[in-house]
Amino acid sequence: MEEEGRSREEPLLLAELKPGRPHQFDWKSSCETWSVAFSPDGSWFAWSQGHCIVKLIPWPLEEQFIPKGFEAKSRSSKNETKGRGSPKEKTLDCGQIVWGLAFSPWPSPPSKKLWARHHPQVPDVSCLILATGLNDGQIKIWEVQTGLLLLNLSGHQDVVRDLSFTPSGSLILVSASRDKTLRIWDLNKHGKQIQVLSGHLQWVYCCSISPDCSMLCSAAGEKSVFLWSMRSYTLIRKLEGHQSSVVSCDFSPDSALLVTASYDTNVIMWDPYTGERLRSLHHTQLNPPMDDSDVHISSLRSVCFSPEGLYLATVADDRLLRIWALELKTPIAFAPMTNGLCCTFFPHGGVIATGTRDGHVQFWTAPRVLSSLKHLCRKALRSFLTTYQVLALPIPKKMKEFLTYRTF
C-alpha cells in the first residue's frame with residue numbers, strides 16, 4: 001500500500017562537515033568517522049571526526065553549513081536550552097580513537113544522582129549524556145551541555161565498537177567490543193558493570209536495544225546474529241540466514257522488526273519474536289564490473305530504520321547510500337557517497353547523517369512521509385504486543401498479517 005505523502009526524490013546533500021587537518025597528526029591513519037549520532041530530542045549531533053576527537057554540534061546546523069536554497073525544516077529556536085542561551089559547539093578530546101557513540105534518552109531525570117555526585121555545586125538538573133567507546137577498551141561518559149567528563153568505565157579488553165542506551169531512560173548502557181563480549185553498565189550506580197554477555201566467537205561490531213527495552217541484538221562478524229533478553233540477560237535465540245559476517249543491526253520503532261546487514265550484500269528483515277526471516281534486500285551494483293575482481297564491492301557497512309518505521313537506509317562499499325521503502329524489494333532512492341561507514345536518521349525525520357572513512361560527515365535529505373492511519377495503528381499496537389499476542393487476537397487473518405508485517 002502506498003503511504004500518503006511519499007517522496008521518491010533522490011537524496012540531496014544538505015551539508016558536509018570536514019575536519020581540520022592539524023600538521024602534528026599522520027593523516028593517513030585514525031581519521032575515520034566510525035560513528036555519528038543525534039540526541040533523541042534532536043538538539044545535538046555527535047560526530048566522531050577521527051584523531052580521538054568528538055564534536056558535539058547543536059542542531060540544527062548553523063547557517064554557514066547549509067547551501068543557499070535549502071530551508072532545513074527541522075530548524076527551530078525551540079532547540080535552544082531554556083535559561084542558558086544558545087548551545088555552543090563542544091570538542092571532546094577522548095585521548096583514544098573513538099569507535100562508538102551513544103546519547104542517553106532525553107530528558108533523563110535519573111541522571112540527577114550522577115550529576116550531583118560529580119558536581120555538587122551545580123543545581124539539581126537532569127542532563128543529557130554522551131557515551132564514547134574507545135580504542136583501548138575504555139568508555140568515557142560526558143555531560144553534553146558542559147562537555148565535562150563524568151565517568152570512565154573500565155572492563156573491556158579491546159576496542160569498544162558500539163554503544164546503546166536503553167530507550168526507557170533508566171541509564172542502562174550496553175557496550176559491544178572486539179574482546180568478543182557485551183557488557184551492561186548502570187550509570188545510576190556510578191557506572192557499575194552489572195553483566196557480561198559471552199558467546200560470540202568474533203569481534204562484536206554492533207548492538208541494538210529494542211525500543212520496548214525487552215531485547216538486545218548483537219552482531220559479531222559471524223553469519224548468525226544473537227538475540228538477548230534485556231530482562232534476564234540470557235540468550236533468547238540465534239538468527240541464522242546470512243552467508244557472511246553480519247556487521248550492523250537495528251530494531252524498528254515499534255520493536256516488531258529487526259534488520260541485519262552483512263558483508264554478503266544482503267539486509268535481512270526478521271521477526272525478532274519468532275525468529276522468522278520475513279524478507280531479504282539484495283544490494284546489486286548499478287554498474288557491475290566486467291570481471292570478478294570486486295566480489296565484495298557491495299559489502300554492507302550500516303543499516304538503520306527511519307523514525308516512523310517506513311524506510312531503511314543502508315551504506316555499502318559500492319559508494320552508494322540507499323533508501324528503501326519497507327514493503328518494496330528494490331531501493332526507492334540512491335545517493336553517491338565515497339567510503340561510507342555509518343548512517344543514522346534525524347529523530348524527527350527528513351535528514352540522514354552519514355560518516356566516511358575520510359573523517360567527513362554528510363547530511364542528506366530523507367523522504368518525508370505522512371504515515372497512513374493503518375500504519376499508525378499498527379505501530380501503536382506493536383509497541384506493546386508481541387507477535388504471539390497478535391496471532392492470538394480474535395481478528396481476521398488479513399489483519400493479523402498486516403499487524404505482523406507479513407503482507408510484503
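Tutor: Helices (H or I, at least four residues) and strands (E, at least two) are DSSP runs, numbered from the N terminus. This is a predicted model, in which local features need pLDDT of at least 70, side-chain atom pairs count only at pLDDT 80 or more, and totals for chains, interfaces and linings use all residues. Residues are numbered from 1 along each chain as its sequence is written, and side-chain values use heavy atoms, with hydrogens and water left out.

Student: How many helices and strands does the protein have?

Tutor: There are four helices and 28 strands.

Student: What share of the residues is buried?

Tutor: Of 408 residues, 56% are buried, meaning under 20% relative accessible area with a 1.4 Å probe, protein chains only.

Student: Which residues does UniProt list for "repeat: WD"?

Tutor: The unreviewed entry lists several spans, including 130-152 and 153-188; such annotations may be inferred rather than shown by experiment.

Student: What is the strand content of residues 153-188?

Tutor: That span is 50% strand and 0% helix, and its end C-alpha atoms lie 13 Å apart. For residues 130-152, the figures are 65% strand, 0% helix and 12 Å.

Student: Changing topic, in what order do β22, β23, β24 and β25 lie in their sheet?

Tutor: The order is β22-β23-β24-β25, in an open sheet with antiparallel pairing; two strands pair if DSSP finds at least two bridges between them.

Student: Which residue in β25 stands opposite Ile323?

Tutor: It is Ala333. Strand β24 (residues 320-325) pairs with β25 over four bridges, in the antiparallel sense.

Notes:
Buried < 20%, exposed > 50% of the residue type's maximum accessible area, 1.4 Å probe, protein only.
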